[in-house]
Amino acid sequence: MAYAYWKAGKHNERAVFDLYFRRNPFGVEYTVFAGLDECIKLIANFRFTDDEIAFIKSSLPSSCEDGFFDFLRAVDCSNVEIHAISEGYVVFPKIPLMRIEGPVAVVQLLETPFVNLINFASLVATNAARHRFVAGKSKMLLEFGLRRAHGPDGGIGASKYCYMGGFDATSNVAAGKLFGIPLRGTHSHAFVSTYTLDYDFTWLSKIKALGGIFGETNQSELAAFVSYALAFPKNFLALVDTYDVTRSGVPNFCAVALALNNLGYKAEGIRQDSGDLAYLSCETRIFFQAIEKEFGVIGFGKTIIVASNDLNEVTLDALNKQGHEIDAFGIGTHLVTCYAQPALGVVFKLVEIMISLGSNFQKVSIPCKKKSYRLYGKEGYSLVDLMTGGNELPPKVNEFNVAIHLLNPREHMWYHRVSRSL
């Protein structure tokens, strides 16, 4: 297309494109806009190297004139303007997330990278926000998705946009370094399996004297916990389901935690990665409370319980309905791969110079340069997003406003006496 524009002498004509989406993902009522930062970085560094131009030349028909490749050597985005909604805002279908203005050939070259950068970022940020909504504000959400992400780039991006969407921390160390995201993680089942122990642990004997449902705890698990606690006495968080959560993992953890307490340290908590998470968390909380009461360790009953194991917003909702004692959730596969919906469906449409028309109203482009406003009612809640032509006056506070519904052009919507617009 860029060559055809250049060949026709149209490559420097000013054009305006809108970037938006047609439907919210995951069957929900909103989307979180993300990826703008990456788009800004792209245009700030947009250049063709000699190697890239040589490859493009080899890929195009030999009839293409050399003057076009001289044009590519001079291409940058110094004449491109971007008008965008702030990254991280809640947005809705049909409203332009970005308006891109500039020479038509250059802006056309930005179409695919912009759609790529916004599509995945907004999809992941929205997915993360949905998980945050279901989990609630009080729960800690940990992004554990790197191993299942779509390659290293997908993993880095997912960690960044999950954090934007409301997650508290990530297990992705590279993302922590690049973006300043807090890091959280635990040891693995393999770590537990590499240890052996052949002597009695004093605190475990005291716990066993209390009685309970557990029998002989696994000695290699206890040895692994001791080793991990020696390495991280201030951050001891143990994975307790390698063998049996209630009969071995939790008692072993408590024994090591009590030993740490004697030395002036406080254990952080446990992670459960299998089984009936709701039931096990409740049983674990009861055990923690019994330890606090018996040994007088203040606050032990509130020791953190982390749950993982292929969680998603459906399982979070089910856990809430069952009742549980989980303080934090480690979520991976369903979060970073956006398992419920693979793409947002972002589009990039020319709105000045040429108008895309069709019989399907959902796909008809709205022509002309536009401005977007979010209208708020007297109670402070947002009412609607309103689009106007670029030269139209903005909506006025405390006056009647009328608009055509984007999804149903026959329906008129009246919004009266808005208190403010953004």
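These are my notebook entries on a predicted model, taken up one topic at a time.

**Entry 1, the chain as a whole.** I began with the overall counts and found that the secondary structure comes to 14 helices and 17 strands. Of the 422 residues in the chain, 49% count as buried. I then looked up the contacts between residues at least 6 apart in sequence, and noted that 69% of them join residues at least 24 apart.

**Entry 2, the antiparallel sheet.** I turned next to an open sheet of four strands, whose order is β3-β5-β1-β12 and whose pairing is antiparallel. Strands β3 (81-84) and β12 stand at its edges with a single partner strand each, so one side of each is left without a neighbour in the sheet. On average, and with direction ignored, neighbouring strands here are turned by 20° against each other.

For β3 and β5 I listed four bridges in the antiparallel sense, and I noted isoleucine 100 in β5 as the bridge partner of isoleucine 82. Helix α5 packs on this sheet, where it touches β1, β3, β5 and β12, and its direction makes about 155° with that of β5.

Six bridges join β1 to β5 (residues 98-103), with the two strands running antiparallel, and arginine 14 stands opposite proline 103 of β5. With β12 (residues 346-352), β1 pairs over six bridges, again in the antiparallel sense; there I found leucine 19 opposite phenylalanine 348.

How do α5 (residues 104-135) and α13 (residues 313-322) pack, in angle and in distance between axes? I noted an angle of about 5° with the axes 9 Å apart, which makes α5 roughly parallel to α13. On the α5 side the contact is made by Asn127, Arg130, His131, Val134 and Ala135, and on the α13 side by Glu313, Leu316, Asp317 and Asn320.

**Entry 6, the aromatic rings.** My search of the whole structure gave 15 aromatic pairs.

Phenylalanine 225 and phenylalanine 236 form another edge-to-face pair, at 6.2 Å centre to centre and with 70° between the planes. Phenylalanine 225 lies in helix α10 (residues 219-231) and phenylalanine 236 in the loop between α10 and β8 (237-239), so this pair ties together parts that are 11 residues apart in sequence. Phenylalanine 225 and phenylalanine 236 are both buried.

I also recorded one aromatic cluster, formed by Tyr3, Trp6, Phe68, Phe69 and Phe71. Last, I looked up a charge over a ring, and found lysine 206 lying over the face of tryptophan 203 at 4.2 Å from the ring centre.

Definitions and conventions:
Residues are numbered from 1 along each chain as its sequence is written. This is a predicted model: local features need pLDDT of at least 70, side-chain atom pairs count only at pLDDT 80 or more; totals for chains, interfaces and linings use all residues. Side-chain values use heavy atoms; hydrogens and water are left out. Two strands pair if DSSP finds at least two bridges between them. Rings of Phe, Tyr and Trp (its six-membered ring) pair if their centres lie within 6.5 Å; planes under 30 degrees apart count as stacked, over 60 as edge-to-face and the rest as tilted. Buried means under 20% relative accessible area, exposed over 50%, partly exposed in between (1.4 Å probe, protein chains only). A charge sits over a ring if NZ of Lys or CZ of Arg is within 6 Å of the ring centre and within 35 degrees of the ring normal. Axes are lines fitted to C-alpha atoms, for helices over the stretch in contact, and angles run from 0 to 180 degrees between N-to-C directions. Angles under 35 degrees count as roughly parallel, over 145 as roughly antiparallel, 65 to 115 as roughly perpendicular and the rest as oblique. Contact means heavy atoms within 4.5 Å.
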